Amino acid sequence: MADLEAQAAISQARQAASAASYDIQKLAEDSIERQALHNLLTAVEALIQAVDTE
């Protein structure tokens, strides 16, 4: 059961990261905010990947 819950949480995290990526793309290409959010999203995606491989 815990494995199914973990997989569901990972799936939700991936969906949220995808939605965030879409929203980030709407920001001005040369904005500091876009770059900062992109860097943060990259870190979040790496964490999701690390959790998913355990």
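Hi everyone, a definition to begin: a residue is buried under 20% relative accessible area, exposed over 50%, and partly exposed in between, with a 1.4 Å probe and protein chains only. This is a predicted model, where local features need pLDDT of at least 70, side-chain atom pairs count only at pLDDT 80 or more, and totals for chains, interfaces and linings use all residues. Residues are numbered from 1 along each chain as its sequence is written, and side-chain values use heavy atoms, leaving out hydrogens and water.

Let's take Glu29. Its place is in the loop between H1 and H2, and because its relative accessibility is 70%, Glu29 counts as exposed. Between Glu29 and Ile10 there are 29 Å in space, C-alpha to C-alpha, and the two are 19 residues apart in sequence.

Now the whole chain. The protein chain has two helices and zero strands (DSSP runs, H or I of at least four residues for helices, E of at least two for strands, numbered from the N terminus). Its C-alpha atoms fill a box of roughly 45 × 15 × 10 Å along the principal axes. Of the 54 residues, 11% count as buried.

So what is in the largest nonpolar core? Five residues: Ile10, Ala17, Ile24, Leu41 and Ile48. By nonpolar core I mean buried Ala, Val, Leu, Ile, Met, Phe, Trp, Tyr and Cys residues joined through side-chain atoms within 4.5 Å.

Finally, Ala17: leaving aside residues up to four places away in sequence, Ala17 touches Leu41, Glu45 and Ile48, with contact meaning heavy atoms within 4.5 Å.
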